[in-house]
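Here's a model to walk through, question by question. Have a look at it first, then we'll dig in.

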Amino acid sequence: MRHHLQAATAQAEAAGYTADGLNRLVTRMLARLVERTPSFTGDERAQLARVSAHAFRHTFATQALAQDVPLEVVQQVMGHASLHTTTIYVQAEKQRMIETVAAYYARLGKG
C-alpha cells in the first residue's frame, strides 16, 4: 500500500498536483456543489462533507469493473503499478453483489 501511495503521489506531483492538494480541490468542489444544490437534505450535506478523493477513486474503480471495464484498463486509469492492487476493487464488487443477493433473499423470506 505504501508503494502505491508513493507512486500515486509522485504521479500527481508530476501532473502539478500533490495528493493532499488534490484532496483539498475535491473538498472545495464538493462544498460548492452543496452550496449550489439547495435540494440536498441536511444528512446529504453532511455525507458529502465527509467524502474524500480516495472515496471517489474507489467508487469509480468498483463501478467500472462492475460494468465490465477490463481490469487492465482500470489499472491504467487508476495509475496502479501492479495489477494486484487493482484486484482490491474486484473483491469490493463481489462483496457488494453478495450483500445485494442476500438482501433479496431476505425480502423473499418475509413475503
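Q: How many aromatic pairs does the structure hold?
A: This is a predicted model, so local features need pLDDT of at least 70 and side-chain atom pairs count only at pLDDT 80 or more, while totals for chains, interfaces and linings use all residues. Residues are numbered from 1 along each chain as its sequence is written, and side-chain values use heavy atoms, with hydrogens and water left out. Rings of Phe, Tyr and Trp (its six-membered ring) pair if their centres lie within 6.5 Å. On that test, the number of aromatic pairs in the structure is 1.

Q: Which geometry do Y104 and Y105 have as an aromatic pair?
A: Planes under 30 degrees apart count as stacked, over 60 as edge-to-face and the rest as tilted. The rings of Y104 and Y105 sit 5.1 Å centre to centre, with 70° between the planes. That makes the pair edge-to-face.

Q: Is Y105 buried or exposed?
A: Buried means under 20% relative accessible area, exposed over 50%, and partly exposed in between (1.4 Å probe, protein chains only). Y105 has 53% relative accessibility, so it counts as exposed.

Q: Which elements does the protein run through from the N terminus on?
A: Helices (H or I, at least four residues) and strands (E, at least two) are DSSP runs, numbered from the N terminus. The protein has 6 helices and 0 strands. Written out in order, the elements are α-α-α-α-α-α.

Q: How are helix 4 and helix 6 oriented to each other?
A: Axes are lines fitted to C-alpha atoms, for helices over the stretch in contact, and angles run from 0 to 180 degrees between N-to-C directions. Under 35 degrees counts as roughly parallel, over 145 as roughly antiparallel, 65 to 115 as roughly perpendicular and the rest as oblique. Helix 4 (residues 53-66) packs on helix 6 (residues 83-110) at an angle of about 70°, with the axes 9 Å apart. The two helices are therefore roughly perpendicular.

Q: How many nonpolar, polar and charged residues are in the contact of helix 4 with helix 6?
A: Contact here means heavy atoms within 4.5 Å. H58, A61, T62, L65 and A66 in helix 4 meet T86, Y89, V90, A92 and E93 in helix 6. For classes, Ala, Val, Leu, Ile, Met, Phe, Trp, Tyr, Cys and Pro count as nonpolar, Asp, Glu, Lys and Arg as charged, and the others, Gly among them, as polar. The tally is 6 nonpolar, 3 polar and 1 charged.

Q: How does helix 4 run relative to helix 5?
A: Helix 4 and helix 5 (residues 71-78) pack at about 165°, their axes 10 Å apart. That angle makes the two roughly antiparallel.

Q: Which residues of helix 5 make the contact with helix 4?
A: On the helix 4 side, the contact uses R57, F60, A61, A64 and L65. By class, the whole contact has 8 nonpolar, no polar and 1 charged residues.

Q: How is helix 5 oriented to helix 6?
A: Their axes come within 9 Å and cross at roughly 110°. That makes helix 5, relative to helix 6, roughly perpendicular.

Q: Which residues does T86 contact, leaving aside neighbours within four places in sequence?
A: T86 lies in helix 6 and is buried, with a relative accessible area of 0%. Leaving those neighbours aside, its contacts are L65, L71, V74, Q75 and H80.

Q: What separates the C-alpha atoms of Q75 and T85?
A: Q75 is in helix 5 and counts as buried at 15% relative accessibility. Q75 and T85 are 10 residues apart along the chain. Their C-alpha separation is 8.1 Å.

Q: What is the phi of D68?
A: Most residues other than glycine have a negative phi. D68 is found in the loop between helix 4 and helix 5, and at 67% relative accessibility it counts as exposed. Its phi is positive, near 65°.

Q: How far apart in space are R45 and L30, C-alpha to C-alpha?
A: R45 is in helix 3 (residues 42-49) and is partly exposed at 30%. R45 and L30 are 15 residues apart in sequence. In space, the distance is 9.3 Å.
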